[in-house]
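Me: I want to learn how to read this model, one feature at a time. Please give the general idea, then the case at hand.

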Amino acid sequence: VVSTQSTGSSGINAEYGAERALYFWNNEYIMSLIEEHCRIIMPIMFPALYLISKDHWNQTIVALVYNVMKTFMEMNNQLFDELTLSFKAERQKEKRKEAHREEAWKKVQKRAIEAANGNSNVG
């Protein structure tokens with residue numbers, strides 16, 4: 001959909017492409033198709049748009065994304081709210097999973113250090 005990171009000249013092209021893609025939302029025909037199929041399109045695009053709206057460095061793209069998200073909200077407020085709640089819940093779940101992974105890795109590291117130091121109580 002839209003790149004959230006860029007590097008080098010290919011990154012500049014990606015940024016330009018992302019910006020150009022967001023301008024499609026100004027096309028009435030495209031908008032009519034999106035509105036007609038918003039229950040299919042919104043769940044696909046929402047996560048990327050949400051992340052870009054929070055983390056992207058290019059303010060032009062952020063402003064365009066905010067306009068797209070506002071349009072989504074106006075098209076189907078209930079679906080937009082459902083997607084927002086679902087996305088935030090999924091992010092929280094991912095954060096808990098990552099914290100659990102980090103804790104497990106710390107335990108592995110601690111045991112490896114103990115084993116390397118000849119601690120016979122490892123295991």
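Me: Which rings are linked into a cluster by ring pairs?

Reply: Start with the rule. Rings of Phe, Tyr and Trp (its six-membered ring) pair if their centres lie within 6.5 Å; planes under 30 degrees apart count as stacked, over 60 as edge-to-face and the rest as tilted. Here, ring pairs join Phe 46, Tyr 50, Phe 80 and Phe 87 into a cluster. This is a predicted model, where local features need pLDDT of at least 70 and side-chain atom pairs count only at pLDDT 80 or more, while totals for chains, interfaces and linings use all residues. Residues are numbered from 1 along each chain as its sequence is written, and side-chain values use heavy atoms, with hydrogens and water left out.

Me: How many aromatic pairs does the rule give?

Reply: The count is 5 aromatic pairs. One of them is Trp 25 with Phe 72, an edge-to-face pair at 5.1 Å centre to centre and 90° between the planes. This pair links distant parts of the chain: Trp 25 sits in the loop between H1 and H2, Phe 72 in helix H4, 47 residues apart.

Me: Is Trp 25 buried or exposed?

Reply: Trp 25 counts as buried because its value is 12%. Phe 72 is buried too, at 0%. Across the chain, 26% of the 123 residues are buried.

Me: What does Trp 25 touch?

Reply: Contact means heavy atoms within 4.5 Å. Leaving out residues up to four places away in sequence, Trp 25 touches Met 31, Ile 34, Met 45, Val 68 and Phe 72.

Me: Which members of the largest nonpolar core touch the most other members?

Reply: A nonpolar core is a set of buried Ala, Val, Leu, Ile, Met, Phe, Trp, Tyr and Cys residues joined through side-chain atoms within 4.5 Å. The largest one has 23 residues, and Leu 22, Trp 25, Leu 49 and Phe 72 touch the most other members. Helices H1 (8–23), H2 (28–36), H3, H4 (59–75) and H5 (77–116) each supply at least two residues of this core.

Me: How many helices and strands are there?

Reply: Helices (H or I, at least four residues) and strands (E, at least two) are DSSP runs, numbered from the N terminus. The chain has 5 helices and 0 strands.

Me: Where does H3 bend?

Reply: The expected span is 1.5 Å times one less than the number of residues. H3 (residues 38–55) has 18 residues and reaches 24 Å from first C-alpha to last, close to the expected 26 Å. A bend is the angle between axes fitted to the seven residues ending at a residue and the seven starting there. H3 bends by about 40° at Phe 46, and Pro 47 follows within four residues.

Me: Which residues of H3 are buried?

Reply: An α-helix has 3.6 residues a turn, so residues three or four places apart point the same way. The buried residues of H3 are Cys 38, Met 42, Met 45, Phe 46, Leu 49, Tyr 50, Ile 52 and Ser 53. Lys 54, also in H3, is exposed, with a relative accessible area of 52%.

Me: What is Thr 60 in contact with?

Reply: Thr 60 lies in helix H4. Neighbours within four places in sequence aside, Thr 60 contacts Glu 19 and Tyr 23. Thr 60 and Glu 19 are 41 residues apart in sequence, yet 7.7 Å apart in space, C-alpha to C-alpha. Thr 60 is partly exposed, at 37% relative accessible area.

Methods
Buried means under 20% relative accessible area, exposed over 50%, partly exposed in between (1.4 Å probe, protein chains only).
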